[in-house]
Amino acid sequence: MHPSLLYLPGAPLSLPELTAARIDGLLIEVGDGYMPPDIPEGPAARLASLAPILSPGYAASGPTAAWVHGVGDGPPRCHHLQRVAQRRARVRPIRDVVLHDRQLEAGDIEVVSGLPVTTRVRTLVDLVVTAGDDSESALWMRRLAAASPELVEKVRVIIQERTRMPGKRAALARVAELAAYEDVTR
């Protein structure tokens with residue numbers, strides 16, 4: 001997605017001007033940004049709208065990555081970012097953004113329009129693992145599994161192969177629930 005097609009508040013238009021253009025039907029909302037309504041809202045547009053909160057050395061992960069991959073109409077209430085850089089970078093705190101400090105493996109990242117995001121499989125693994133403690137992750141887990149049912153078995157294998165993992169049984173139980181739901185809906 002070309003940067004000139006996504007408008008973020010403050011450059012070149014203010015938030016009231018962008019909101020007025022949205023009300024007039026000239027723009028649509030995409031996360032924290034705005035774009036013309038005749039351009040498809042894809043992963044590149046969604047990820048580009050996160051540019052103000054996407055810190056260098058971090059990738060979109062969890063519910064945020066699920067939204068970037070096309071799940072759901074609107075972005076999650078709380079965005080999740082995970083470290084990709086070898087060294088921890090200083091990051092200014094941002095409201096409604098959760099930073100995960102564990103470094104991602106190179107195979108767990110894909111780059112969309114120059115910005116990193118976790119792969120669909122890694123995203124579902126993260127959502128399954130955190131769904132027991134976070135209702136928003138549970139919601140996005142179900143949405144991603146419904147949109148990509150072929151990932152459920154891959155996630156089960158990945159979690160099963162982990163040797164030391166807190167909450168492994170609970171995560172496998174959630175995967176079994178997702179698989180059972182997919183069997184019922186077919």
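Predicted model: local features only at pLDDT ≥ 70, side-chain atom pairs only at ≥ 80, totals over all residues.
Local features need pLDDT of at least 70 and side-chain atom pairs count only at pLDDT 80 or more, while totals for chains, interfaces and linings use all residues. Residues are numbered from 1 along each chain as its sequence is written, and side-chain values use heavy atoms, with hydrogens and water left out.

The largest pocket has a volume of about 390 Å³. A pocket here is an open set of points on a 1 Å grid over the protein atoms alone, where a 1.4 Å probe fits, with protein on both sides within 12 Å along at least five of seven lines. Its volume is the space filled by probe spheres set on the points, which are joined across faces, edges and corners. The lining comprises 20 residues, each with an atom within 4 Å of a point. Arg 102, Arg 122, Asp 126, Val 129 and Thr 130 lie nearest the pocket centre. Helix H3 (62–68), strand E4 (79–83) and helix H4 (120–130) each supply at least two lining residues. Helices (H or I, at least four residues) and strands (E, at least two) are DSSP runs, numbered from the N terminus. H4 gives the most, with 6 residues. By class, the lining has 6 nonpolar, 7 polar and 7 charged residues. Ala, Val, Leu, Ile, Met, Phe, Trp, Tyr, Cys and Pro count as nonpolar, Asp, Glu, Lys and Arg as charged, and the others, Gly among them, as polar.

Helix H6 spans residues 151–161. Its buried residues (under 20% relative accessible area, 1.4 Å probe, protein chains only) are Leu 151, Val 152, Val 155 and Ile 159. Seen down the axis of H6, they fall within an arc of 95°, so they line one face of the helix. The arc is taken from the directions from the helix axis to the C-beta atoms.

Strands E6 (residues 109–112) and E7 (residues 115–118) pair in the antiparallel sense over 4 bridges. Pairing requires at least two DSSP bridges. Glu 110 stands opposite Val 117 in E7. The hairpin has 2 residues between the strands, and Ser 113 takes a positive phi near 50°.

Ser 49 lies in the loop between helix H2 (43–48) and strand E3 (58–61). Ser 49 is buried, with a relative accessible area of 0%. A polar atom of its side chain lies 3.3 Å from the backbone oxygen of Val 30. Ser 137, in helix H5 (residues 135–147), is buried at a relative accessible area of 1%. A polar contact of 2.8 Å joins the side chains of Ser 137 and Asp 134. Such a contact is a pair of N or O atoms within 3.5 Å; within protein, one must be able to donate a hydrogen and the other to accept it, and residues adjacent in sequence count only if both atoms are side-chain atoms.

How values were computed:
Buried < 20%, exposed > 50% of the residue type's maximum accessible area, 1.4 Å probe, protein only.
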